[in-house]
Amino acid sequence: MDAAAYSAFSDALLRRLAREPHVVGLGALGSMSGEGPAPDAFSDHDFFVVTVPGAQEPFRTELSWLPGAERAVLLHRETEHGLKVVLEDGHLLELAVFDLEELRVARANRYRVLLDRGGVAERMAEVAAKPAEAPSDLWLCGQLLGNLLVGGGRAARGELLSARLFVAGYAAGHLLRLLARHVPPEEAVPLDDLDPFRRFERAFPRLGREVN
């Protein structure tokens, strides 16, 4: 999806939700927020819809309010609150529907409130202010070494898929957190405090190549 189409979808979503009497707010997340890196051809739309109490579930199951939903090729209920929707052109929508009280369980870093009929900006500020997990260096090192040991054993046993998960997934995630804490970045690119893999290669191109 190019920049013009991306912006047009965001605008259409806001217009449709603004017409819904049971909608209290719309929060744009990640690339959709306009904060940090701009959306590119691979960016999806991440957003929270906030409704009045009791209206959440109908908005999760009846998607006539969602632009393009009638032509979607995948509708996947991922969590109690959230869905993944893939449109016919392959564009991914990751969304969750809450009332104001349920919104407390969410996590967010980059966000912008596009629609607020009361209380949404304040609640999103609380959500974004939640401290990210900050395990100690000792814990991260222990997890890193333990994951490498388990992964190595499973590789030796011939369980290569499981081994890859432990080494390239779990162990690598702990290593990236340690590197981000203790090595000065090579480029001035903000990392994602919720996912250690996001944008690491852009902030640490040399280290990123070595880890990969």
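Start with the charges: select the 24 positive and 31 negative side chains of the protein chain, and the centres of the two sets lie 2 Å apart. Keep in mind that this is a predicted model.

**The whole chain**

Now show the chain as a cartoon. Seven helices and six strands make up the protein chain. Follow the sequence and the pattern reads α-β-β-α-β-β-β-β-α-α-α-α-α.

Switch to a surface. The protein chain exposes about 11,700 Å². Of the 212 residues, 39% are buried. Turn to contacts between residues at least 6 apart in sequence: 54% of them join residues at least 24 apart.

**Stop 1: helix α1**

Select residues 3-18. This is helix α1, with 16 residues. From its first C-alpha to its last it reaches 23 Å, close to the 22 Å expected at 1.5 Å a residue.

Which residues of α1 are buried? Colour Tyr 6, Phe 9, Ser 10, Ala 12, Leu 13 and Leu 17. Then look down the axis of α1: these buried residues fall within an arc of 165 degrees, so they line one face of the helix.

What covers the buried residues of α1? Among the elements to select are the strands β1 (23-29), β2 (45-51), β5 (92-99) and β6 (111-116). Helix α2 (56-61) is also part of the cover.

**Stop 2**

Select Val 52, in the loop between β2 and α2. Val 52 counts as partly exposed, at 27% relative accessibility. Leave aside its neighbours within four places in sequence, and Val 52 is in contact with His 22, Val 24 and Asp 99. Now draw a distance to Asp 40, twelve residues apart from Val 52 along the chain: the C-alpha atoms are separated by 33 Å.

Move on to Pro 58, in helix α2. Pro 58 is partly exposed, with a relative accessibility of 42%. Draw a distance from Pro 58 to Val 97. The two are 39 residues apart along the chain, and their C-alpha atoms are separated by 9.6 Å.

**Stop 3: Val 73**

Select Val 73, in the loop between α2 and β3 (74-77). Is Val 73 buried or exposed? Its relative accessible area is 59%, so Val 73 is exposed. Beyond its neighbours within four places in sequence, Val 73 is in contact with Val 86, Leu 87 and Glu 88. Check the C-alpha distance from Val 73 to Glu 88: 5.7 Å, for residues 15 apart along the chain.

**Stop 4: helix α4**

Select residues 137-156, helix α4. Its 20 residues should span 28 Å at 1.5 Å a residue, and the end C-alpha atoms are 28 Å apart, which agrees.

Colour the buried residues of α4: Leu 140, Leu 144, Asn 147 and Gly 151. They cover an arc of only 75 degrees around the axis, which puts them on the same side of α4. What covers them includes α5. Turn to the face away from the buried side of α4, and pick out the exposed residues Leu 138, Leu 145, Leu 149 and Ala 156.

Stay in α4 and select Gly 142. At 41% relative accessibility, Gly 142 counts as partly exposed. Draw a distance to Ser 64, 78 residues apart from Gly 142 along the chain. The C-alpha atoms of Gly 142 and Ser 64 are separated by 49 Å.

Then step just past the end of α4. Gly 158 takes a positive phi of about 95 degrees there.

**Stop 5: Arg 199**

Finish at Arg 199, in the loop between α5 (160-182) and α6 (200-203). Most residues other than glycine have a negative phi. Arg 199 is not a glycine, yet its phi is positive, at about 65 degrees. Is this residue buried or exposed? Arg 199 has a relative accessible area of 10%, so it is buried; the cut-off for buried is under 20%.

Note on methods: Residues numbered from 1 in each chain as written. Predicted model: local features only at pLDDT ≥ 70, side-chain atom pairs only at ≥ 80, totals over all residues. Heavy atoms only, no water. Helix = DSSP H or I, 4+ residues; strand = E, 2+ residues; numbered from the N terminus. Buried < 20%, exposed > 50% of the residue type's maximum accessible area, 1.4 Å probe, protein only. Contact = heavy atoms within 4.5 Å. Areas by Shrake-Rupley, 256 points an atom, 1.4 Å probe, with all protein chains shown as cover. Lys, Arg positive; Asp, Glu negative; His and termini not counted. Charge placed at Lys NZ, Arg CZ, Asp CG, Glu CD. Expected span 1.5 Å × (residues − 1). Arc of directions from axis to C-beta.
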